[in-house]
Every structure is written in C-alpha cells, then in structure tokens.
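Open the model in your viewer and keep the selection tool ready. Each stop below says what to pick and what sits there.

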Amino acid sequence: MVMQESKYIYTFTYDETESDLCKLESRNIFTVEEQNRLVFSDKKVEPSSSAFIKSRIDVISSSEDYSNLLDQIKNESISIDDFKVEYIKLKGDNTRYPERLEKLREFGIIIKGLSDYINPTTVFALCHYDGRWYFGTQIKDKVEWHKHKDKPHSYSNSIGITIGKSLVNIASQGDTSKTLIDTCSGVGTIMLEACFAGYEIEGCEINWRICRNARANITHFGYDAFVHRIDIKHMKKRFDAAIIDLPYNLVSSVTESDVLHIISSVSKISDRLVIVSTADITNLIKEVGFYVADTCSISKKGKGKFTRIIWVCKKL
Ligand SMILES: C[S@@+](CC[C@H](N)C(=O)[O-])C[C@H]1O[C@@H](n2cnc3c(N)ncnc32)[C@H](O)[C@@H]1O
C-alpha cells in the first residue's frame with residue numbers, strides 16, 4: 001500500500017461472507033485489495049457508490065510526528081463554521097480514549113469557527129495508521145441508496161443491492177464516465193445502483209412484464225435510463241462494459257445453449273464483461289474469445305450451497 005503520499009484514505013465495512021466481493025471490488029476500482037478494511041489511493045470515489053466504503057478521508061496533511069501534524073494544520077489556518085472533528089480508530093492504533101479526546105480537543109481549538117457536534121456540515125478526521133498520523137476532511141456514506149430496497153416491483157430472481165452496487169463498480173472500475181449495459185436487467189436492481197452513482201446505463205430484458213416492472217422501478221426513483229424490451233442478441237450499440245446477471249434455473253429452465261447465446265451476443269457489443277453465474281462457465285467465456293481477468297464466489301447468507309460466481313472477462 002502506498003500510504004504517505006496518497007490523497008485519500010477509504011475505510012470499509014463488511015461482514016465475513018462479503019469479504020471476497022469487497023476485495024474483488026477494491027481490486028477493480030483501486031487496483032489494490034483492501035487490507036485491514038482500508039485502502040490508501042489517489043483515486044477519488046464517492047463512498048455512497050459502494051456498499052462497502054464507509055468513508056473517504058481527503059487527506060490535508062500527514063506526519064510520523066503528532067506535534068508536527070498539529071503545526072502543519074495550524075499553518076493551514078482553517079476557518080469554517082459548523083464543523084466537528086472525529087477520531088477514527090484504525091487497526092493497530094492503541095491510543096487510549098482519554099488521549100484520543102485530548103487530541104480531538106487540540107485539533108478542535110486550532111480550527112477557527114463555531115463547532116457543531118449534532119449537525120456538522122464539515123467533519124474533520126484524525127487517525128493513526130502504521131506509524132503515521134493523518135488529518136483530513138471526512139465524507140461518509142449516507143446510505144441514501146437503501147431507499148432502493150423499497151422499489152415498487154421485486155422479483156424472485158433479483159440480485160441483492162450490495163452485489164448490484166459492486167457489479168457496477170467492477171464493470172466501470174469506478175469511472176463514472178464509462179457507458180454500461182445491464183443485459184439481463186430483470187426488474188432493474190443493478191440499473192438503479194448505476195443511476196444512483198451517476199452512470200449512463202441502458203438495460204435489456206426479454207420478458208415484457210419484467211421489463212415493464214424495471215421501467216416502473218426506474219421511473220419511481222426519478223432516474224433517466226432506458227430498458228429495451230428485446231432479446232440481447234438484437235442490441236447493436238456498443239458499451240464500455242456489460243453486466244450479465246445470467247438467468248438460472250429457479251423460476252425458468254435455462255440450458256447451456258441459452259447461456260452461450262447471451263454471452264456470445266454480449267461479446268459483440270462490449271470488450272469488458274462482468275458475468276454472474278451459478279455454475280462454472282470458464283469454457284463458454286473462452287468459446288466467445290474472452291479470458292477471465294478476475295473472479296470470486298459469493299455464498300448467500302443462510303442459503304446453504306447457493307453460490308454465485310462473478311467473472312470479470314476481457315477480450316483476448
Ligand atoms: C437472473 S435474472 C436478472 C435479475 C436482475 N439482475 C434483477 O436484479 O432483477 C435474468 C433475466 O434475464 C432475462 N433474460 C433471459 N434471456 C434473455 C435474453 N436473451 N435477452 C435479454 N434478457 C434475457 C430473464 O427474463 C431474467 O429476467
């Protein structure tokens with residue numbers, strides 16, 4: 001991890017069943033895996049675009065020496081109202097509570113302006129990691145995207161919001177300028193997360209009733225994204241990345257040739273595919289001229305052997 005020079009520190013939250021997905025997401029956004037629920041990076045990402053990023057600290061200054069950092073921040077002459085300073089206790093930081101409070105007080109008094117501990121508009125963060133002190137502004141995930149849980153139309157084959165958000169990040173590599181297609185959109189779970197994060201995304205759904213529900217879900221939240229009611233084989237437009245949540249044998253019977261038909265059609269409209277399957281599809285990926293650049297398996301909580309596999313595929 002490149003630490004001292006990094007502009008941003010990301011803190012992560014996830015439970016153990018989500019660890020592999022979080023690591024896959026962080027490899028694809030930041031090119032490094034999160035370690036100790038932390039990533040140091042120069043890449044700027046909105047915390048709310050990921051289900052795993054808890055906060056981003058925009059580093060103002062850092063130093064191995066605490067007094068030196070305090071002096072550096074004094075020299076910044078920060079003047080702002082309605083601020084708060086929080087201490088973020090990272091892994092390996094053994095600073096005790098009274099000392100943490102004292103440090104918060106020391107930073108609080110060098111910032112000119114009125115503090116607001118209840119509804120601050122700016123939250124500063126102080127933390128210590130691997131022998132170095134960091135001070136910066138903190139941007140937290142406001143979990144506003146949880147509203148999507150109450151979408152008007154759901155579907156038994158829908159993917160969870162957490163995975164949906166990750167698929168968007170993995171496909172786009174965290175770059176909101178990338179164009180995306182959700183090739184088997186179902187009721188639009190993935191599309192809602194892409195719209196929320198500011199992506200240009202289109203969807204495709206073969207079933208007219210499910211397609212209508214996807215459109216209604218998107219409109220319900222005021223987003224602007226189109227869902228085509230077609231078989232993906234008819235899509236001609238190209239996209240920077242495609243997300244394929246493959247149909248599986250839960251409510252419909254799906255054959256290997258159906259799956260090959262979908263992957264092969266999508267391989268003609270994008271050079272980067274992020275596929276979700278319930279079975280090993282390595283041979284199908286090869287057959288359409290792609291290779292597996294990254295992968296992970298996710299087991300559903302409390303669902304025994306039901307496992308989804310995510311395949312990040314690039315054109316050979
Ligand atoms: C696993 S579901 C997707 C669920 C979706 N991610 C969601 O969260 O609602 C797969 C969807 O692919 C659609 N589908 C199957 N074959 C298709 C094809 N050839 N072109 C477009 N959509 C297709 C199915 O109707 C089904 O809704």
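Predicted model: local features only at pLDDT ≥ 70, side-chain atom pairs only at ≥ 80, totals over all residues.

Residues are numbered from 1 along each chain as its sequence is written.

**Stop 1: helix α5**

Select residues 189-196, helix α5. Helices (H or I, at least four residues) and strands (E, at least two) are DSSP runs, numbered from the N terminus. Eight of the eight residues of α5 are buried, so the helix is largely enclosed by the rest of the structure. Buried means that 20 or more other C-beta atoms, placed from the backbone, lie within 10 Å of a residue's own. Thr189, Met191, Glu193 and Phe196 are among the buried residues. Contact here means C-beta atoms, placed from the backbone, within 7 Å. Then click Gly198, which follows α5 and has a positive phi, near 95°.

**Stop 2: the core**

Next, show Leu180, Ile244, Val274 and Ile275. Of the 80 residues in the largest nonpolar core, these four touch the most other members. Such a core is a set of buried Ala, Val, Leu, Ile, Met, Phe, Trp, Tyr and Cys residues joined through C-beta atoms within 7 Å. Helix α5 gives the most to this core, with six residues. Domain 1 (8-140) and domain 2 (145-315) both give residues to this core, so it lies between them. Center on Val274. Leaving out residues up to four places away in sequence, Val274 touches Leu167, Ile170, Ala171, Ala241, Ile243, Ile310 and Val312.

**Stop 3: the sheet**

Switch to cartoon. Seven strands form an open sheet with mixed pairing, in the order β9-β8-β7-β10-β11-β13-β12. Strands pair if DSSP finds at least two bridges between them. The edges are β9 (227-228) and β12 (290-299), each with a single partner strand, so one side of each is left without a neighbour in the sheet.

Select β11, residues 272-277. Six of its six residues are buried. Arg272, Val274 and Val276 are on one side of β11, with Leu273, Ile275 and Ser277 on the other. Strand β10 (residues 241-245) pairs with β11 in the parallel sense over four bridges. Across that pair, Ile244 stands opposite Ile275, and Asp245 stands opposite Val276. Strand β13 (residues 307-315) pairs with β11 in the antiparallel sense over six bridges. There, Ile275 stands opposite Trp311.

**Stop 4: the ligand**

Select the ligand and its surroundings. Its shell holds 20 residues, the closest being Ser158, Cys184, Gly186, Thr189 and Asp245. A residue counts as near if its C-beta atom, placed from the backbone, lies within 6 Å.

**Stop 5: the two domains**

Finally, color by domain: domain 1 is 8-140 and domain 2 is 145-315. These bounds come from an automatic or database domain assignment. The C-alpha centres of the domains lie 33 Å apart. Across the boundary, 16 residues of domain 1 are in contact with 19 residues of domain 2.

Technical notes:
Buried ≥ 20, exposed ≤ 12 C-beta atoms within 10 Å, placed from the backbone. Contact = placed C-beta atoms within 7 Å.
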